Amino acid sequence: MAKFLGFILLIISLSIAFLVNPSRSNYTYVCDHANFAELKLQMSSFSFCDSSLPYAVRVKDLVSRMTLAEKVKQLGPMATGVPRLGLLPYNLGSEGLHGLSNFSPTTVFDSVVPSATMFPTVILTTASFNESLWKKIGEAISTEARAMYNLGRIGLTFWSPNVNIVRDPRWGRIMETSGEDPFVIGTYAVNYVRGLQDVKGHKKYTDLNSRPLKVSSCCKHYVAYDLENWKGGDRLNFDSRVREQDMVETFQRPFEMCVKEGDASSIMCSYNSVNGTPSCADPKLLNQTVRGKWDLHGYIVSDCFALKAMVDNHKFLNDTKEDAIAQAREAGVDVECGTYYTSFTINAVQQGKVKEEDIDKSLNYMYTVLMRLGFFDGSPQYKFLGRADMCSPENIELAKEAAKEGIVLLKNDNHTLPLNSVKFKTLALVGPHANATDAMLGNYAGYPCQYTSPIAGFSAYANVTYRKGCRHISCKNGSLIFPAVEASKTADATIILAGLGLSIEDEKLDRENLLLPGYQTELINQVAQVSKGPVILVIMSAGGVDISFAKNNTNIKAILWAGYPGQDGGQAIADVVFGKYNPGGRLPITWYEADYVNKLPVTSMPLRPIPNLGYPGRTYKFFDGSTVYPFGYGLSYTQFKYNITSSNSSLSIKLDKFQPCLNINYINGTQKPQCPATLVDDLKCEEFIQFQMEVQNVGNVDGSEVILVYSKPPNGIAGTHIKQVIGFQRVFVEAGQTKMVYFAFNACKSLRIVDNAANILLPSGQHTIIVGHSGLSFPFNVNFSH
């Protein structure tokens, strides 16, 4: 906490210097004639302001004019600028995870900009499995960012999204992520980053380092970062012991997609070490992979005070501050969120540990991104955006839609839901989230345009009696249970809103168990026992909760998971309960039973089971035990039927002499193919699996169906995944109607496995394509020959 407060104080002091300086006017871009005139400088004498020149030439000119002391002052979260050159100061660290956040003190909400649209947290938005929605949210947030930037209240470089996988259900930051499947997380990242960054009409560029940006997006936290504070170990000390197989297959894949397919303009290295080396000091992870193999078009930034953690916590190589700077620079860290680069880089240069030319290279990466953002030349297409574009009716409606699309129906006995407002005129609304406002926002939030609490949402449909049931989300005593029980005895229906909150799961706060906190379970059971009408349980949480007791309780007729649904979450929940919206969300994480956490520590990094330790596997890809609810689970108020109308069933690949067959491990007794596998990198990868299917709504309610498609490797391959998501679509189908849906999957990407030597292979044999949880599947054969 002290480190965090130190960072806040640092930023506040810089903010005061940069944002509250009466001697200087506020400019939104550097090469504004008025900016140079105020400084009594001739702008035409500075080549970096000549917009006819390529960015590379302009940035080189800018950096060459700086002294070493001036250069190092640009390498922190607040680049100080260089007044003698007309270079304005710039704050790198804005946050836009699910709306413009006030997490950074230099993001200012005041009478000029009082609020911004707060969308649901990412885990709930992901549950929609709607790629176009993900991109639209990015577009909406970046439009509000541009408006707020024009008003001098925020920067244009956003340290979002979080693309870490949910490896363990106890992790405190699940709400910020897209779940447990690396392909789904990567697909979310690609769409969200494109929504944030892409300028219409400028998506395709030969030189991607000159492609204009609406705002800059940063993929974080790279890599194998998923522990906050658990049993004395925290993220500043943790050494992630990761097998290369898991690194390639799981931990790196979302980041690779974010950089290569999303073309993110920044990536953030994490606090933890990976196999003994801090991630911000590992040239293999950064320079060789992110900068080299993935060809990042942007800059690499450290997490806040990660270099300090290298010295004080990891005690890496017993480094001094100057040594840590040298290690990070050698690895490829261009900008530090912290104070080491700005305070000690000159010492490191004087000690011969850092070359000035390497600093120049980093500044080139950073200022190229800022030029692409219009920080130097302005952005005419966005200059008219302002306060009217904050909290627009379209964005408010999009936030409501996102919440409704993500809500997951987990139980609906006897078609209890949706409720009929004619029949159910009185409601008992009970539980610690029944009057939620701030709690619906989750973390990394700003000030919302408005709130619609559950009380307000349900009051639009019925007369509501509200009883809290628990004083706080921790529910440490049962003194308020009795009034809630009494209210449920007379109401036509009872809605219980329970779950978790930021005092249970958050950054720097891992969970201890998978149960509802305190007396919440007792509250739910007592209300369900005496309620006059049907009981509907609504869980607000990010991580899964073992609610087997409610799932199996016949008095609880329906269960909904609502994540943290954003500013108008109360309306979204009420619209689903009363049938104005038919839920179609699917769980993006596995909901494990409570004893799962007793079987392995949070610090165990392997995804595959470890039989000699009794550790089960992690995520649906490797865990085959019983669950409360599996990954991808979700019900609807209607029923859908699938029918595959056409498909190809095999592909034959002729290998040349430079494409060798590779052996892979099989379970004893399995007959091996003549050519078991070959390296994906050795193939052209032009073959596709294609099929067309009918999705028929056989019920009497319009609704959206999420079609999840998995591939399962050939039987008998040892140590590989059970199945993996290879694609998905969300399809709206009116009652009684049919939609045709087409899928095409690249065979190398969709049928690949990663062996224990971290080779990405395409195995031969009979793969299985599985469509949803309906049991629909078909075989797909891969044959190699020389």
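1. Just after helix α13, Gly352 takes a positive phi of about 75 degrees; helices here are DSSP runs of H or I of at least four residues, strands are runs of E of at least two, and both are numbered from the N terminus. The model is a predicted one, in which local features need pLDDT of at least 70, side-chain atom pairs count only at pLDDT 80 or more, and totals for chains, interfaces and linings use all residues. Residues are numbered from 1 along each chain as its sequence is written, and side-chain values use heavy atoms, with hydrogens and water left out.

2. In α13 (residues 340–350) the buried residues are Tyr340, Tyr341, Thr342, Thr345, Ala348 and Val349, buried meaning under 20% relative accessible area, exposed over 50% and partly exposed in between (1.4 Å probe, protein chains only). Seen down the axis of α13, these buried residues fall within an arc of 145 degrees, so they line one face of the helix, the arc being that of the directions from the helix axis to the C-beta atoms. They pack against α4 (68–72), α11 (306–312), α12 (321–331) and α14 (356–372).

3. Thr465 lies in strand β14 (residues 463–467) and is partly exposed, with a relative accessible area of 32%. Leaving aside neighbours within four places in sequence, Thr465 is in contact (heavy atoms within 4.5 Å) with Leu427, Ala428, Leu429 and Ala487. The C-alpha atoms of Thr465 and Ala484, 19 residues apart along the chain, are separated by 9.3 Å.
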